[in-house]
Amino acid sequence: MSDWIKRLIPFASLIALCVIIAVLQPKFLSTGNLGSVARQTAVITIMAMGMTMVMVSGGIDLSVGSVMALAGITGAFALAGGAPTIVGVAASMAAGAACGVVNGAAITTLRIPPFIVTLGAMGIYRGIALLVTDGKAVVGLPTTYGYLAEGNILRLIPVPLLIVVTVALAIHFLLSRTRLGRYCYAIGSNVEAARYAGVRVARYQIIFYLILGALAGLAGAIESARLVTGQPTAGEGYELRVIAAVVIGGGSLSGGQGTVIGTIIGALIMGVLANGANLLGISSFTQQIVIGAVIVLAVTFDEFQRRRLETARS
Amino acid sequence: MATQESALEMRGINKSFAGNAVLVDVNLSARAGEVHALVGENGAGKSTLMKILAGVYHPDTGKILIDGRKVSFARPSDALASGIAMIYQELSLAPELTVAENIFLGREPLSFAPLGIVNRREMNERATGMLKKYGFKIDARTLVKRLSAADRQLVEITRATVEAKRVLVMDEPTSSLTAHEVADLFRLIRELKNRGLAIIYISHRLEELDFIADRLTVLRDGRAVYAGVWGEISRTEIIRHMAGRELKEIFPLRAAAKGEVRLRVANLAREGKFSDVTFEVRSGEVIGIAGLAGAGRTELVETIFGAYPADAGEIHLNGARVHKAQPETSVTRGLGLLTEDRQRTGLCLNQSVTRNLTLANLRSLARGLWIDAKREKVAAQEQIEKLHIRPPDPDKTVARMSGGNQQKVLLARWLFAGSRVFLLDEPTRGVDVSARSEIYRVINQLAKAGAAVVMVSSDLPELLGMADRILVMRRGRLVAELDARKTTQEEILRHAAVDEEESQVSSFRFQVRDGAMR
């Protein structure tokens with residue numbers, strides 16, 4: 001029963017938040033604005049779903065923002081060179097996946113904490129992106145590419161939203177119904193126990209980072225489509241928002257906990273907060289304070305629940 | 001209980017959690033200078049009762065009296081202030097601090113009180129003095145994280161003796177200790193008795209209690225079903241009070257029918273842990289591995305399983321040589337390892353029985369990418385029934401289960417994985433009496449069905465009751481192979497102990513071994 005309550009609270013908070021903002025500023029509920037929210041949160045949400053997998057397995061990846069940029073400009077180069085949209089996106093995802101594999105391989109072979117490895121990777125990938133583009137935006141992308149970020153399916157549903165839903169279904173399926181997902185939770189819960197149970201821990205850890213990298217690449221492709229250029233400075237600071245989304249949604253930094261739905265709600269809470277604050281004219285500085293407070297509150301509440309369950313057992 | 005005033009009296013203690021009555025009208029009296037044994041199966045309420053005493057929980061009704069005065073504790077520090085110290089089963093030392101720092105944690109001798117500057121020299125001297133007096137061979141300046149589990153337990157005990165003024169509660173204090181250390185501990189306990197401390201001693205090891213217990217209270221299902229002087233009733237009767245029924249044949253008999261060699265180990269060695277180990281196990285056999293702590297038994301089975309690489313020697317499984325053993329290949333080849341420390345290396349504590357149980361063999365439940373949840377549930381139910389796992393709820397979080405049931409879940413993991421060769425490292429450590437006998441029953445069934453079992457154990461009666469042959473390790477070498485039907489505890493110990501002193505002390509520990517357990 002308590003599991004359901006745990007999942008319901010973030011969702012209820014989100015609804016409550018939406019209601020409050022809608023009452024104060026009815027424009028919030030306009031299709032244009034909601035579409036805007038969807039578009040703005042899409043990039044973070046997509047990466048957050050990959051991050052959910054990595055964090056559930058007990059890891060973390062601080063380099064997602066940089067991977068997004070590096071993968072984004074890779075795709076941009078392909079598109080500027082005349083490749084069709086689908087190839088551009090594939091190139092982005094491949095580049096992201098490659099970065100993810102490097103991260104995963106470094107973590108599993110060097111046996112250094114993921115926090116440290118990806119902290120270094122964050123600088124390295126960003127540096128490569130800046131070096132390769134000489135710090136300048138990649139231009140010459142076909143204008144039709146912008147459809148990926150600004151277009152609508154059936155006149156109503158933003159393309160990025162569709163992509164988010166597809167990714168969400170895929171990751172949810174992976175995490176909850178496949179062996180991959182099962183091993184993910186097991187490794188995050190007790191990596192030694194997983195090893196002794198015969199799970200190929202290193203191999204799966206690399207796969208989780210690979211998936212996150214690929215999704216960061218996808219996010220980079222969408223971000224490039226927003227401005228129809230490849231920006232080597234894209235995604236700066238995104239890693240913390242991505243991690244915050246997972247954590248607000250119930251994911252634990254120590255692993256073994258977290259769900260796709262929770263992460264989406266976490267990302268939406270942050271996105272709605274930002275959007276609402278803009279509509280209400282609240283400065284972005286205040287927004288930062290509020291988001292910080294929300295993160296702490298969400299995690300405190302989560303911990304409180306966990307402890308109450310533990311004392312109730314004996 | 002009348003002539004002297006009890007140092008501690010708990011009267012009419014009732015406690016319920018979420019509607020479940022955990023303690024019902026429990027009385028416990030402990031006198032100064034006496035050891036009061038508290039026994040009962042897991043889940044009987046011993047921990048809850050002690051946590052009430054320690055101020056961690058509040059009783060719903062009932063009184064606690066210290067030296068005849070009523071006390072009530074709002075928090076654990078109140079209990080401490082009243083002179084009650086606890087040694088928990090889960091150790092609570094700070095690994096990054098030294099032994100001396102841990103012993104005096106919170107009451108460090110100060111060289112300049114206003115600034116709180118610690119007098120390190122005095123602290124080390126006093127700690128060294130205490131350790132020497134108790135006969136513990138531990139250097140007060142070592143970091144706790146470098147100590148073995150046994151030494152950590154001794155440090156924990158030392159720390160509690162500093163805190164305890166009236167009552168000391170010890171929960172399974174000997175679980176990680178060798179016979180030698182247990183003798184030291186008992187000497188310490190006698191000294192604490194002379195000091196006038198009332199000691200409450202919780203243990204499953206009835207044979208140990210023979211050496212130190214003065215009184216006994218038995219808890220069952222939250223009630224005190226027996227209270228009296230130690231020795232008034234026999235061991236069988238104690239067990240009957242604990243379990244509520246006769247436990248015949250704790251070691252079920254098994255006819256020996258051996259088949260082919262399933263596991264063969266030749267000159268196996270791992271630098272610094274063990275060397276030149278050679279033995280074989282046939283299908284239908286149970287091999288016991290005895291030895292003192294540190295003899296290399298756990299390291300041996302871990303190496304056979306492939307958790308760590310061997311430095312020399314060969315492993316043959318089902319007739320085929322294993323090159324570069326790894327846990328994943330061991331599992332698919334039908335080798336299972338029940339690790340020594342189920343919390344650290346066995347269970348995913350925050351997960352359900354089902355998930356823990358199926359972890360080693362998810363491929364049998366997978367159809368393409370996805371896991372057949374229905375089949376999984378059926379498989380889990382099957383194992384739950386087969387092993388009498390309680391509560392029989394496949395979605396129960398394992399963290400909330402008793403040690404015995406947790407162990408059964410892990411055993412079920414290997415059964416479900418189709419293992420044919422089992423490496424069991426201390427399979428009944430921290431497991432209560434009735435769960436133990438069930439685990440023995442399962443092991444025997446496995447052997448009867450043709451599995452080959454290797455059982456590492458520090459419980460000699462267990463080895464003598466379960467094994468066909470007993471291998472003895474000493475300081476990393478295999479020094480003896482004994483016929484379990486013909487050997488005795490003394491003979492095993494003689495091989496296991498390094499010198500005369502250790503051997504004598506070990507026999508001292510097990511002298512009165514007989515009766516109900518065999």
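The expected span of a helix is 1.5 Å times one less than its number of residues. In the predicted model described here, this rule can be applied to helix α3 of chain A, which covers residues 64–80. For its 17 residues the rule gives 24 Å, and the end C-alpha atoms of the helix are 24 Å apart, so the two values agree. Helix α3(A) is mostly covered, with 16 of its 17 residues buried. Just after α3(A), A:G82 adopts a positive phi of about 105°.

The secondary structure of chain A as a whole consists of 13 helices and two strands. Its radius of gyration is 19 Å, close to the 20 Å that the globule rule gives for 314 residues, and chain A is therefore as compact as a globular protein of that length. The C-alpha trace of chain A spans about 65 × 55 × 35 Å along its principal axes. Of the 314 residues, 52% count as buried. Among the contacts in chain A with a separation of 6 or more, 78% are between residues 24 or more positions apart.

The phi of A:L154 is near 55°, a positive value in a residue other than glycine. A:L154 is classed as exposed because 6 other C-beta atoms lie within 10 Å, and the limit for this class is 12 or fewer.

Chain B contains 18 helices and 24 strands. Its radius of gyration, 24 Å, is close to the 24 Å that the globule rule gives for 518 residues, so chain B is as compact as a globular protein of that length. Along the principal axes, the C-alpha trace of chain B extends over about 70 × 50 × 50 Å. Buried residues account for 47% of the 518 residues of this chain. Of the contacts in chain B between residues at least 6 apart in sequence, 69% join residues at least 24 apart.

Chain B is divided into two domains: domain 1 comprises residues 8–243, and domain 2 is made of 261–349 + 418–513. The centres of domain 1 and domain 2 of chain B, taken over C-alpha atoms, are separated by 31 Å.

Helix α13 of chain B spans residues 373–387 and includes B:A379. B:A379 counts as buried because it has 20 C-beta neighbours inside 10 Å, and 20 or more are required for this class. When residues up to four places away in sequence are not counted, B:A379 touches B:T358 and B:F416. The C-alpha atoms of B:A379 and B:T354 are 8.5 Å apart in space, while the two residues are 25 apart in sequence.

The loop between α13 and α14 (403–416) of chain B holds B:P391, and a cis peptide bond with omega of about 0° joins B:R390 and B:P391. B:H388 is found in the loop between α13 and α14 of chain B. Although B:H388 is not a glycine, its phi is positive, at about 55°. With 15 C-beta neighbours inside 10 Å, B:H388 counts as partly exposed.

The largest nonpolar core has 180 residues, of which A:I46, A:M47, A:L215 and B:V453 touch the most other members. Helix α10 of chain A (residues 201–227) gives the most to this core, with 17 residues. Leaving aside neighbours within four places in sequence, A:L215 is in contact with A:I46, A:M47, A:M49, A:G50 and A:V167. Another core, of 73 residues, lies apart from the largest one, and its members include B:A85, B:V99, B:L131 and B:L177. In soluble globular proteins, nonpolar side chains tend to be buried together.

Where the two chains meet, 19 residues of chain A are in contact with 28 residues of chain B. On the side of chain A that touches chain B, the elements giving two or more residues are α8 (179–189), α9 (191–196) and α13 (284–313) of chain A. The largest share of this side, five residues, comes from α8(A). By class, the side of chain A that touches chain B has six nonpolar, six polar and seven charged residues.

Conventions:
Residues numbered from 1 in each chain as written. Chains lettered and ligands numbered in written order. Predicted model: local features only at pLDDT ≥ 70, side-chain atom pairs only at ≥ 80, totals over all residues. Helix = DSSP H or I, 4+ residues; strand = E, 2+ residues; numbered from the N terminus. Rg over C-alpha atoms; globule rule 2.2 N^0.38 Å. Contact = placed C-beta atoms within 7 Å. Nonpolar A, V, L, I, M, F, W, Y, C, P; charged D, E, K, R; others polar. Core = buried A, V, L, I, M, F, W, Y, C linked by C-beta atoms within 7 Å. Domains from an automatic or database assignment.
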